[in-house]
Amino acid sequence: MCGIVGYVGGKSALDVVVDGLRRLEYRGYDSAGVAIVDCEGDCRLDVVKKAGKLANLEKELQTTPMPGTTGIGHTRWATHGGPNDRNAHPHTSCDGAVAVIHNGIIENFRALRDGLESRGHELDSDTDTEVVAHLLEERYVGDLAEALRAVCGQLDGAFTLVAVHRDSPDMVVGARRNSPLVIGRGNGENFLASDVAAFIAHTREAVEIGQDEVVELRADGYTLTDFSGSPAVGREYHVDWDLSAAEKGGYPYFMLKEIAEQPAAVADTLRGRLSPDGGIVLDEVRLSDQDLRDVDKVFIVACGTAFYAGLIAKYAIEHWTRIPCEVDIASEFRYRDPVLDRRTLVVAISQSGETLDTLMAVKHAREQGARVLAISNTNGSTIPRESDAVFYTRAGPEVGVAATKTFLTQITATYLVALALAQARGLKWADEVAALVHQLEQMPALIERVLGTVEPVRELARELADARVVLFLGRHVGYPVALEGALKLKELAYMHAEGFPAGELKHGPIALVESGVPVVIIVPPRGRGSLHDKVVSNIQEVRARGARTVVIADEDDEAVLPYADVLIAVPTTPTLLAPLVTVVPLQVFACELAQARGLDVDQPRNLAKSVTVE
Ligand code: M6R
């Protein structure tokens with residue numbers, strides 16, 4: 001949830017850390033701060049922090065020289081304590097010698113704080129994090145990594161911690177439990193960050209830090225141990241995207257760039273997925289063929305947009321594999337005590353691979369003996385590491401808080417997983433699988449076509465900038481698309497927007513329709529067994545009650561013409577693939593409407609890109 005950067009090397013730590021924070025600001029923008037160890041003369045620790053976006057801190061730093069080549073920095077998404085200067089990270093000890101930054105929640109901080117206060121510590125902030133600075137002060141006797149290991153043993157909850165100490169000026173230490181922390185290996189310099197984007201300008205060589213491990217980072221290398229001090233080995237990997245992927249590339253917002261990247265993201269996710277013998281290629285499989293054949297129930301767990309990708313996947317999984325599939329909001333999953341056993345496959349979908357609700361659902365599933373397959377966009381992140389099989393989407397970094405290209409790649413990935421399952425169960429021949437993969441391979445060109453025709457959608461969004469409410473209707477795979485359209489509008493434009501299954505309309509939601517209310521209707525393709533005609537009736541029903549109908553339909557669908565106040569035509573696709581084109585105008589609509597309202601599209605209020613607290 002928060003962004004963390006640490007640096008030790010020969011450059012200005014402040015420059016490196018602030019540049020890293022700029023690339024991590026999507027993780028939280030309630031406040032930002034830095035701590036630099038300055039050893040010109042006697043070593044001292046300088047800390048500057050400011051509420052609000054990183055720009056506020058940068059302004060403050062213009063008049064605050066901070067020399068030094070060891071430092072840490074943080075962008076915050078507030079949990080404990082309001083978003084003000086006092087609660088901004090880094091937090092320091094009473095003697096000002098230690099500075100700590102943190103991502104996660106320390107659940108037993110109240111008891112720890114009471115203990116510290118009874119021992120004479122004075123704490124300054126309302127945060128859970130500050131206790132760590134004071135505990136490190138108590139534990140430090142010359143070895144900062146040892147002190148951190150001891151402190152970690154006292155903490156409950158999820159945490160990434162990174163700290164510096166005035167008296168250990170050549171090192172940064174870090175610890176990781178459940179929240180991400182990665183090492184960047186440079187030449188005579190090293191980096192720590194919650195996301196490789198922070199150091200990609202300096203190095204593409206990364207090392208995953210494992211669960212419950214502590215790192216001591218120096219300019220000439222690093223040492224990894226577990227919390228008890230036994231040596232640990234991190235997985236080294238090469239980051240296969242470069243700096244330009246994490247930059248705006250001429251677009252005013254990351255979201256616009258990421259919408260435009262969707263054809264390539266889907267094509268990349270599909271590339272090389274069909275093996276020479278006609279099988280589907282996953283990225284990591286720690287399951288046997290028999291395990292896949294034995295699956296008799298699928299649960300999908302995910303949050304937000306990833307959950308909607310899961311709702312779409314359910315249609316393909318049940319249709320192609322005939323295995324019952326349930327889709328659960330990850331934060332609800334373990335609390336409803338689902339029935340799981342070793343024949344259950346839990347598919348966890350998470351762009352970041354670090355959403356704590358999804359991670360906890362994964363852990364619960366595995367404790368019950370279920371197999372877990374992760375679909376993630378983040379190589380080496382926690383959820384894939386905790387899973388039995390992994391499918392990586394290849395969308396590249398997504399910086400805009402609103403998920404766009406990762407949604408399309410998640411749908412693509414779930415379809416391939418469904419085909420792999422169908423094949424394992426002997427329900428699809430290799431040529432049938434190849435034909436479906438081939439259909440998927442046509443989608444990037446169709447998405448590109450949609451992107452070329454969205455100007456009227458932009459105009460419509462500007463026209464509707466003052467609307468109070470927008471309703472979205474869909475059926476079958478169009479229903480999750482309606483939900484996604486509404487979510488995009490809520491999170492970007494702060495508008496009241498709701499998505500409904502069109503068939504439910506008459507059971508309540510139609511009461512919301514009054515004169516002039518925009519209703520966006522996603523119409524299914526025509527064909528045998530299609531719900532097309534029923535949805536066309538729904539358009540007429542809302543129009544008869546004064547709604548302004550915005551109809552998304554196949555480009556050759558003439559049946560909708562009499563009832564569409566605004567028609568958004570999309571290329572004709574097979575039924576299950578329609579979401580890959582119908583959602584695109586809705587993304588553009590929300591993005592444009594938010595801009596028309598003067599809002600920051602990439603950093604909507606109260607949100608952060610990934611949610612690493614429960
Ligand atoms: O990283 P994840 O895919 O696990 O994130 C899940 C949701 O938090 C995420 O999709 C969120 O709903 C987006 N902001 C929606 O645009």
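Which of the 14 residues around the ligand come nearest?

1. Start with the model itself. This structure is predicted. Read every value below as computed from that predicted model.

2. Now the ligand. Of the 14 residues around the ligand, the ones that come nearest are Ser350, Gln351, Ser352, Thr355 and Glu491. Find these on the structure before you go on.

3. In Ser350, a side-chain N or O atom sits 2.7 Å from an oxygen atom of the ligand. In Ser352, a side-chain N or O atom is 2.6 Å from an oxygen atom of the ligand.

4. Val401 takes part through its backbone. A polar backbone atom of Val401 is 3.1 Å from a nitrogen atom of the ligand. How much of the ligand's exposed area does the protein bury? Taken alone, the ligand exposes 410 Å². The protein buries 90% of that.

5. Next, the site as a whole. The ligand takes up the space of the second largest pocket. Two elements each give two or more residues to the shell around the ligand: helix H9 (304-321) and helix H16 (478-493).

6. Which domains each supply at least three residues to the shell around the ligand? They are domain 2 (254-441) and domain 3 (451-596). By class, six shell residues are nonpolar, six are polar and two are charged.

7. Two backbone details deserve a look. Most peptide bonds are trans, and most residues other than glycine have a negative phi. Keep that in mind for the next two points.

8. The peptide bond between His89 and Pro90 is cis, with omega about 0°. Pro90 belongs to the loop that runs between strand S4 (70-76) and strand S5 (91-92).

9. Is phi of His476 positive or negative? His476 has a positive phi, near 55°, and is a residue other than glycine. His476 lies in the loop between strand S21 (469-474) and H16. H16 is one of the helices that give two or more residues to the shell around the ligand.

Conventions
Residues are numbered from 1 along each chain as its sequence is written. This is a predicted model: local features need pLDDT of at least 70, side-chain atom pairs count only at pLDDT 80 or more; totals for chains, interfaces and linings use all residues. Side-chain values use heavy atoms; hydrogens and water are left out. A residue is near a molecule or strand if one of its heavy atoms lies within 4 Å of it. A polar contact is a pair of N or O atoms within 3.5 Å; within protein, one must be able to donate a hydrogen and the other to accept it, and residues adjacent in sequence count only if both atoms are side-chain atoms. Accessible areas come from the Shrake-Rupley method with a 1.4 Å probe; for residues, only the protein chains shown count as cover. On a 1 Å grid over the protein atoms alone, a cavity is a set of points where a 1.4 Å probe fits but cannot get out, and a pocket is an open set with protein on both sides within 12 Å along at least five of seven lines; lining residues have an atom within 4 Å of a point. A molecule sits in a cavity or pocket if more than half of its atoms lie within 2 Å of its grid points. Helices (H or I, at least four residues) and strands (E, at least two) are DSSP runs, numbered from the N terminus. Ala, Val, Leu, Ile, Met, Phe, Trp, Tyr, Cys and Pro count as nonpolar, Asp, Glu, Lys and Arg as charged, and the others, Gly among them, as polar. Domain bounds come from an automatic or database domain assignment.
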